[in-house]
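Colleague: I'm new to reading protein models. Could you walk me through a few features, one at a time?

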Amino acid sequence: MSTQTRLLIKGGRVVNDDLMMEADVFIEDGVIKQVGKDIAVPGGTRTIDAKGMFVMPGGIDTHTHFEFYFMNSRSADDFYTGSKAALAGGTTMIIDFVSKKSHSMSVLEAFEDYRSRADERICCDYGLAVILSDYNDDVFKEMEILTREKGVNAFKMFMAYKGQLMMEDSKLIQAFKACSKLGALARVHAENGDIIYENQKKLLCMEITGPEGHLYSREEEVEAEATHRAIVLANQVHCPLYVVHVMSKSSA
């Protein structure tokens, strides 16, 4: 066996979910084989002196938006710069969200587009969840292909951004049922899009167009109501639900 497949991280402070301890970590073929003090290893094993350093698992960022096209704009980070920054901070895997560049794209086309762009430039491990802005029989067929053939296990729906990504309750219920049937995790961005839309119109009449308008248009109860509604809808169709980026005490 090549010595390049063996690695000893020696003398670091190992951080686990339940404790921290001074220990060595022996890795073989990319798998942690042993954690303990003064581990005896085969000759020729590559050794890294980690004394005075923390040794911990790589982080997983479950919610990124690289090269995200939305409302005539695109997020600043692409798959290269975003994943490079993630690695610099100790995050070794990200989960990004597939979104359609245009309404004419199918969900499958959007997925393949993201895969091709990510595979060319990404620096770390990654997975993809898929954003659904609509639901019908054709979308369900694509969801089946994505879950059974493409490795997708999560779909995200928006309850905000009226006229762009927002999904009405009647379709949200059907999307939840589809996720439950396919064994996929349903994710929701929970804010009451109708209230936000009305508040935005009021703010524009007051000529409030800066970033502060984002806060003024969505008081805490706007998120709390949508969060509770999403939970009730998902529970009615026995669908596991992940409410993303909860921002308020009343929602939590």
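This is a predicted model: local features need pLDDT of at least 70, side-chain atom pairs count only at pLDDT 80 or more; totals for chains, interfaces and linings use all residues.

Colleague: Which residue does Arg13 form a salt bridge with?

Modeller: Its partner is Glu22, and the closest N and O atoms are 3.3 Å apart. That passes because the cut-off for a salt bridge is 4 Å. Glu22 is partly exposed too, at 40% relative accessibility. The count of salt bridges comes to 17.

Colleague: How do I read a salt bridge inside a helix?

Modeller: Start with the general idea: an α-helix has 3.6 residues a turn, so residues three or four places apart point the same way. Now the case here: Arg229 and Glu225 both lie in helix H7 (residues 220–236), 4 residues apart, or about one turn. Their closest N and O atoms are 2.7 Å apart. Glu225 is partly exposed, with a relative accessible area of 32%.

Colleague: Which residues are linked in a network of salt bridges?

Modeller: Glu67, Lys101, Asp113, Arg117, Glu120 and Arg121. Within it, Glu120 and Arg121 meet at 3.5 Å, N to O. Glu120 is exposed at 63%, while Arg121 is partly exposed at 28%.

Colleague: What is the phi of Glu67 near?

Modeller: It's near 50°, a positive value in a residue other than glycine. Glu67 sits in the loop between strand E6 (59–64) and E7, and it counts as buried because its relative accessibility is 2%. Glu207 also has a positive phi, near 60°. That residue lies in the loop between helix H5 (193–205) and helix H6 (212–216), and is exposed at 68%.

Colleague: How do I check a helix's length?

Modeller: Multiply 1.5 Å by one less than the number of residues. Helix H2 (residues 107–121) has 15 residues, so it should span 21 Å, and its end C-alpha atoms are 22 Å apart, which agrees.

Colleague: Which residues of H2 are buried?

Modeller: Val107, Leu108, Ala110, Phe111, Asp113, Tyr114, Arg117 and Ala118. Their cover includes helix H1 (79–88) and helix H3 (137–149), along with strands E7, E9 and E10.

Colleague: Which residues form a nonpolar patch on the surface?

Modeller: Leu19, Met21, Ile32 and Val35, with about 320 Å² of accessible area together. Leu19 lies in the loop between strand E1 (6–15) and strand E2 (20–28), and is partly exposed at 38%.

Technical notes
Residues are numbered from 1 along each chain as its sequence is written. Side-chain values use heavy atoms; hydrogens and water are left out. Patches are made of residues with over 30% relative accessible area and no salt bridge: like charges are joined within 9 Å, nonpolar side chains (Val, Leu, Ile, Met, Phe, Trp, Tyr) within 5 Å. Accessible areas come from the Shrake-Rupley method with a 1.4 Å probe; for residues, only the protein chains shown count as cover. A salt bridge is a side-chain nitrogen of Lys or Arg within 4 Å of a carboxyl oxygen of Asp or Glu. Helices (H or I, at least four residues) and strands (E, at least two) are DSSP runs, numbered from the N terminus. Buried means under 20% relative accessible area, exposed over 50%, partly exposed in between (1.4 Å probe, protein chains only). Contact means heavy atoms within 4.5 Å.
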